[in-house]
Amino acid sequence: MMLAMRDSYQVIGVESSPYTVKVRAVLRYRHLPHTWLCRFPQFYPPTAHVRPALMPVVRFPDGELRVDSTTILFALEALHPERSLIPADPVLALYAFLLEDMADEYLTKLVYFFRFGAPVDRVFGSQWVTDDSSADLGASELERRAQEFVVRQDGRRTIVGVTAESGAHFEATYRRLLEALNGGVGLDRFLFGSRPSLADFGIFGQLHTLSSDPTPSAILRSVAPRVEYWVRRAHDLSGVDGRWQSSPAPSATVVSLLRIVGDTYLPFLRANFVASAQGAPAFRYHVKCWRALRSAFATLTPADRERACPLLRETGCLELLEEPEPQMSTSPQFTRNL
Ligand SMILES: N[C@@H](CCC(=O)N[C@@H](CS)C(=O)NCC(=O)O)C(=O)O
């Protein structure tokens with residue numbers, strides 16, 4: 001059994017997991033000593049007991065095992081001031097937080113939509129995940145277990161929101177994302193300057209999978225191949241030593257991405273919150289996200305808020321970030337723990 005080096009972090013997860021490669025890329029960029037172990041945490045004895053059963057699991061140098069990439073990234077921020085992922089300007093930091101959250105909680109639906117859509121994707125994606133999960137699988141056993149995985153994931157379609165009607169919306173959102181990023185990211189060029197932010201890593205994680213699965217990869221290559229090159233470089237940015245942008249004005253790319261937050265992501269979070277307030281099935285984790293984003297906006301100083309408001313209004317975010325919280329009429333019914 002492999003032991004983590006003393007005083008270093010250990011990332012346990014699989015290569016086909018967006019959140020796992022996101023966290024691994026952050027540790028590399030931040031020069032935090034770590035080991036990487038490709039394992040399903042729930043089948044790996046030292047981490048099998050961790051709840052919620054999500055990947056990656058990160059073992060911190062003090063031995064604590066943690067999950068949830070955003071929580072892990074913020075814990076690293078508190079422990080290591082160098083090579084922070086949070087833009088120094090609090091307004092840009094708010095935008096970065098909004099974009100990272102959208103990447104984690106909404107772009108992941110695009111990953112699911114494509115991965116369990118066309119037969120070619122179902123086979124490639126499920127066999128990739130299965131191959132990551134176990135050593136020495138023969139071809140027929142790999143195929144059998146991959147098919148079981150697909151059946152399990154098919155059962156989650158409604159939970160994820162992938163229906164006959166929503167497919168066109170997910171593909172259109174993917175194309176909007178790529179059009180927004182095209183030309184706005186490049187060699188040592190990131191969303192908020194020549195150094196990467198937490199938004200870059202969140203988007204990178206989901207794009208790692210989208211740029212590997214056959215159908216979304218073909219779209220990426222036809223619409224925005226240079227975004228793919230950016231994704232490949234983002235796995236290891238340990239040599240990047242850049243700066244935050246000097247201008248307080250966000251780039252056109254960030255503005256376009258905030259439009260997706262305003263017209264798609266925040267309305268989704270709001271609808272989930274309203275459902276929870278009315279006692280309808282809802283995601284507990286997305287209630288937490290809704291509150292966290294609104295509280296990040298509420299804690300801006302009045303001067304920063306004044307700077308942020310015009311763009312937040314124009315992109316459709318403002319109203320949702322500042323409206324009064326709907327009252328809970330009954331106890332919520334949560335469909336998942338995290
Ligand atoms: N919010 C979590 C999500 C992590 C997550 O959903 N990981 C996926 C793999 S990419 C997982 O473990 N899924 C297991 C499951 O849903 O049962 C994070 O940011 O780390």
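This is a predicted model: local features need pLDDT of at least 70, side-chain atom pairs count only at pLDDT 80 or more; totals for chains, interfaces and linings use all residues.
Let's start with Arg83, which you'll find in the loop between helix 2 and helix 3 (90-115). As a bit of background, most residues other than glycine have a negative phi, and most peptide bonds are trans.

**Positive phi angles**

- Arg83 isn't a glycine, yet its phi is positive, at about 55 degrees.
- Is Arg83 buried or exposed? Arg83 counts as buried because its relative accessibility is 14%, and the cut-off for buried is under 20%.
- Asp68 is another residue other than glycine with a positive phi, this one near 85 degrees.
- To find Asp68, look in the loop between strand 4 (65-66) and helix 2 (69-79).
- Asp68 has a relative accessibility of 12%, so this residue counts as buried too.

**Cis peptide bonds**

- Which residues does the cis peptide bond with an omega of about -5 degrees join? The pair is Arg51 and Pro52.
- Pro52 sits in the loop that runs between strand 2 (34-38) and strand 3 (57-59).
- Going from Met55 to Pro56, you meet a peptide bond that is also cis, and its omega is near 5 degrees.

Note on methods:
Residues are numbered from 1 along each chain as its sequence is written. Side-chain values use heavy atoms; hydrogens and water are left out. Helices (H or I, at least four residues) and strands (E, at least two) are DSSP runs, numbered from the N terminus. Buried means under 20% relative accessible area, exposed over 50%, partly exposed in between (1.4 Å probe, protein chains only).
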